[in-house]
Amino acid sequence: MSTVVVVGAQWGDEGKGKIVDFLTEEAHVVCRYQGGNNAGHTVVIEDEKYVLHLIPSGALHKGKKCIIGNGVVIDPAALIVEMDGLISRGVEIKGNLFISKNAHVIMPYHVAVEKEHEGTKGQKRIGTTGRGIGPCYTDKISRHGIRIMDLFNPTIFREKLSENLFTTNFLLEKLYKVSPLNEEEIYHNYIGYAERLQGYLADTNIIVNKAIDLGKNILFEGAQGTLLDVDHGTYPFVTSSHTIAGGACTGVGVGPTKIQKVIGVVKAYTTRVGEGPFPTEMKDALGESLRQRGSEFGATTERPRRCGWLDIVGLSYAVRINGLTGIALTKLDILDGIERIKLCTGYKYGGKVYTEFPGELNILLHAEPIYEEVDGWKESSVGAKTFGQLPVNAQRYIKKIETLLKTDIQIIGTGQKRNEIIVIKKPF
């Protein structure tokens, strides 16, 4: 039996979907533990592309149990669209997908408030996806949230909806000067969603813990990345949940003693969507080339991702706070043909050199990266099946990363497709 957490080690978009899809082959249960439909995991199977926002990537494997944990916030309309899309493509959902009764629900007023609030921030905006994720987590923490189980009790749901709309409509009308939301419309829509989701709700922590007790392989799937964690990321330019490996315990309901391995997914360079600090960002033709070659556009929003060199300072921090036992390196092939490749091993700010990731936002915003350079490679790495088949300088680049991070690279992605992967050591 193995329990493995897969976590993004950068600012998200590292290619977790492909890695989770690959590891699911040997998993019995796959659990999504945080975030909402503000995250997208892309998996390419042969010539078919799947983009999943809420449903674990393991759904693309027949007969795997897929858990949406209590730490996820759910837009039921988006979830139903995603379910129907998979069903239409022959993916079996019924009997394989289980939704935590305790997961909180994104309501239309969460989306409305986020849109209006973000619109007032100007240059200080966070760059959210506008899906209502943050306000939903806010209601959860302030104990005003609506859980998905509430939709199945019309009396409780109506009471909570009325209370929340009273406050939210006042805010929308008086502060933002926009029209209030219609309670009846929302109520009937969400009761309809409950009917569609009948039979999918469960005490998911029981399912997962029983599977662990039976010696099954369990895979925990995170969304976004370490540096977007609400506590440990580049606050306030973060998401609203715990994206680090520890979030798997609270987001699904398993004890930390039951987690055995943590695999950090690392892109061979660095990207970031939205606002916030990015010390190694390339604002030049090479940065644009990486964006185009790597199809660096958000799977959920299609926003262009900012691109930069690999940041060892941030990655060392991710290794530490996640307790990484191994790394899955993705998109190595996107660096094919680049003559010289840089790795950031420190920051300069205010006459001081930082080799540990600083928590101060002003340092990160204005830090000057310190680079080491290595030779690139002209040969193609696409589709290589073994480490020895990679270009020699690509091998050296990988070994350099391992040395700097003091962590083994166990999986290497050499293309977008499911079978374009090198496995050095299996987590299961």
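Residues are numbered from 1 along each chain as its sequence is written. In this predicted model, local features need pLDDT of at least 70, side-chain atom pairs count only at pLDDT 80 or more, totals for chains, interfaces and linings use all residues, and side-chain values use heavy atoms, without hydrogens and water.

**Exercise 1.** Find which residues have the most contacts inside the largest nonpolar core.

*Solution.* Start with the terms: a nonpolar core is a set of buried Ala, Val, Leu, Ile, Met, Phe, Trp, Tyr and Cys residues joined through side-chain atoms within 4.5 Å. Buried means under 20% relative accessible area, exposed over 50%, and partly exposed in between (1.4 Å probe, protein chains only). The largest such core has 55 residues, and V208, F220, L332, L335 and Y397 have the most contacts inside it. Next, look at helices (DSSP runs of H or I, at least four residues, numbered from the N terminus): helix α12 (residues 392–405) gives the most to this core, with five residues.

**Exercise 2.** Work out which partners R158 has in salt bridges.

*Solution.* A salt bridge needs a side-chain nitrogen of Lys or Arg within 4 Å of a carboxyl oxygen of Asp or Glu. First, R158 pairs with E183, their closest N and O atoms being 3.0 Å apart. R158 lies in helix α5 (residues 154–175) and E183 in helix α6 (residues 183–197), so this pair ties together parts 25 residues apart in sequence. Then R158 also meets E184 in a salt bridge (2.9 Å, N to O).

Key: Helix = DSSP H or I, 4+ residues; strand = E, 2+ residues; numbered from the N terminus.
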